[in-house]
Amino acid sequence: MDIQHTTLLVIGGGPGGYITAIRAAQLGIATTLIEGEQLGGTCLNVGCIPSKAMIHAAEAFHQAHHFMGDSTLGIHVEGARIDIGQTVRWKDGIVARLTGGVGALLKKHGVKVVKGWATIVDGKTVDVTKDQADTKPVRIQGEHIVLATGSVELGLPGMPFGGRVISSTQALSPDSIPKKLVVVGGGYIGLELGLVYRKLGSDVTVVEAQDRVLPLYDEELTKPVAASLRKLGVQVQLGSKVQGLNSAGDAVRVQDAAGRESELAADQVLVAIGRVPHTHGWGLEKLMLAMNGRAVKIDDQCRTSMRNVWAIGDLTGEPMLAHRAMAQGEMVAEIISGKRRHFAPAAIAAVCFTDPEVVVAGQTPTDAAKAGLDCITAQFPFAANGRAMTLESTDGFVRVVARRDNHRIVGWQAVGAGVSELSTAFSHSLEMGATLEDVAGTIHAHPTLGEAVQEAVLRALGHALHI
């Protein structure tokens with residue numbers, strides 16, 4: 001068998017994997033990247049990017065319908081329709097440009113990309129096949145192996161994907177818009193896509209086992225989202241568990257907290273109950289790595305329990321965020337090159353692109369209390385922000401959490417239209433160890449949503465100027 005050799009072998013071409021490969025190549029490390037599907041992984045192909053494209057398209061269509069009625073802006077349109085096929089083609093065009101760009105960057109930096117499916121042989125060796133029928137694998141050996149295989153969608157026992165039951169991947173490329181859609185799961189994926197379909201015209205019902213939507217976020221942050229769901233006509237069934245499809249296959253059987261069972265008619269059922277590390281089907285078990293539940297266990301340098309085998313991104317568990325994987329990958333490449341690095345971010349911001357959006361960075365008031373910190377908490381409502389008024393988006397607020405003793409900021413949260421763009425400012429202040437006085441003394445441009453950041457801090461200091 002012909003054996004290829006490289007210094008660094010990266011398995012997986014998602015955000016974590018391709019960043020690892022690019023940075024390693026920049027540092028002069030001979031690098032080979034293996035990817036069985038499209039470069040860019042889940043994020044660029046069937047996750048972050050296409051979902052945000054569909055969210056934008058759905059919002060534009062929703063606004064067009066809004067202008068068919070009475071409008072405070074004085075805008076009136078005669079009618080609105082959507083060609084969903086064209087919408088999907090537009091979304092796919094964005095994906096193609098981005099994934100093509102990744103390929104070009106890898107080529108520019110001299111990374112060897114091998115198209116195929118990797119199977120672990122040992123801690124330095126993998127076999128790569130084009131498909132399951134391929135009987136002549138390519139064997140590649142590397143001094144270092146980076147595992148960046150990402151995550152997979154979690155299915156619902158007794159209701160496998162297929163027919164009326166769709167995954168988030170399928171939901172991003174619809175042939176048509178179903179009249180009735182049942183979404184199983186009230187987390188960020190379910191709500192983001194549920195809102196897309198509602199704004200495109202579907203009757204949407206969300207079924208969530210917990211007692212509120214977005215159960216991983218604190219209740220104060222999720223209230224504006226719940227209110228928006230009601231306003232948009234999304235039905236939400238909380239404290240309920242899905243039992244499967246009925247015998248006819250045209251309705252979802254749901255059991256509430258009291259044990260009562262009912263049926264929800266559905267043309268399609270979107271199962272969005274989460275993702276799990278992609279650990280099966282490519283020989284990972286041969287390495288006998290230490291695990292942390294379903295995830296590969298790593299240290300603060302992304303080292304696994306086997307020497308020169310590294311793991312990054314979703315494979316290593318929560319938080320499953322593309323920007324975390326990218327930061328880990330860059331660090332690993334630099335460590336392999338001889339630099340001294342550790343993965344110890346002050347905070348990793350998480351964004352939920354619902355309507356309105358939600359951002360969390362650092363510690364919430366509850367987190368701080370559990371950590372034994374005596375903190376000041378203050379928030380500023382967008383109802384008092386001029387830019388929010390001009391955008392007709394005054395729901396929500398910015399909240400700051402800071403230590404009482406030295407005023408060091410330990411957390412930021414926000415809910416409102418466009419607050420995803422505040423996440424960078426939040427991360428900057430936390431990473432740089434900013435105090436309330438640092439942010440208060442920074443001149444914020446007017447009129448912007450970012451002024452709410454400064455006003456929240458001023459309120460924490462006891463002298464807010466606009467409330």
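These legends describe close-up views of a predicted model.

The model is predicted, so local features need pLDDT of at least 70 and side-chain atom pairs count only at pLDDT 80 or more, while totals for chains, interfaces and linings use all residues. Residues are numbered from 1 along each chain as its sequence is written, and side-chain values use heavy atoms, with hydrogens and water left out.

**View 1. Domain layout of the chain.** Domain 1 covers 3-153 + 276-336, domain 2 covers 165-273 and domain 3 covers 350-460. These bounds come from an automatic or database domain assignment. Between the C-alpha centres of domain 2 and domain 3 there are 30 Å.

**View 2. The contact between domain 2 and domain 3.** Here 14 residues of domain 2 meet 16 residues of domain 3; contact means heavy atoms within 4.5 Å. About 1,200 Å² is buried between domain 2 and domain 3, and carbon and sulfur atoms give 65% of that area. Buried area is the accessible area (1.4 Å probe) that two parts lose on being put together, summed over both.

View 3. Three salt bridges are counted between domain 2 and domain 3. The term means a side-chain nitrogen of Lys or Arg within 4 Å of a carboxyl oxygen of Asp or Glu. R399 pairs with D218 in a salt bridge, with the closest N and O atoms 2.4 Å apart. Six residue pairs, both at pLDDT 80 or more, are in polar contact between domain 2 and domain 3. A polar contact is a pair of N or O atoms within 3.5 Å; within protein, one must be able to donate a hydrogen and the other to accept it, and residues adjacent in sequence count only if both atoms are side-chain atoms.

**View 4. The side of domain 2 that touches domain 3.** On this side, α6 (188-199) and α7 (219-232) each supply at least two residues. α7 gives the most, with six residues. Helices (H or I, at least four residues) and strands (E, at least two) are DSSP runs, numbered from the N terminus. By class, this side of domain 2 has nine nonpolar, one polar and four charged residues. Ala, Val, Leu, Ile, Met, Phe, Trp, Tyr, Cys and Pro count as nonpolar, Asp, Glu, Lys and Arg as charged, and the others, Gly among them, as polar.

View 5. Strands β12 (residues 241-245) and β13 (residues 251-255) pair antiparallel over four bridges. Two strands pair if DSSP finds at least two bridges between them. L245 stands opposite V252 in β13. Five residues separate β12 and β13 in their hairpin, and G249 in the turn has a positive phi of about 75°. β13 also runs antiparallel to β14 (residues 261-265), joined by five bridges. A251 has A265 in β14 as its bridge partner. The hairpin of β13 and β14 has five residues between the strands, and G259 takes a positive phi near 90°.

View 6. D127 and R139 form a salt bridge, their closest N and O atoms 2.8 Å apart. D127 lies in strand β5 (residues 125-129) and R139 in strand β6 (residues 138-147), 12 residues apart. The whole structure holds 14 salt bridges.

**View 7. Backbone exceptions in loops.** Most residues other than glycine have a negative phi, and most peptide bonds are trans. The E318 to P319 bond is cis, with omega near -5°. P319 sits in the loop between β19 (309-311) and α8 (322-336). The H446 to P447 bond is cis, with omega near -5°. P447 sits in the loop between α12 (436-440) and α13 (451-460). L214 has a positive phi near 45° and belongs to the loop between β10 (203-207) and α7.
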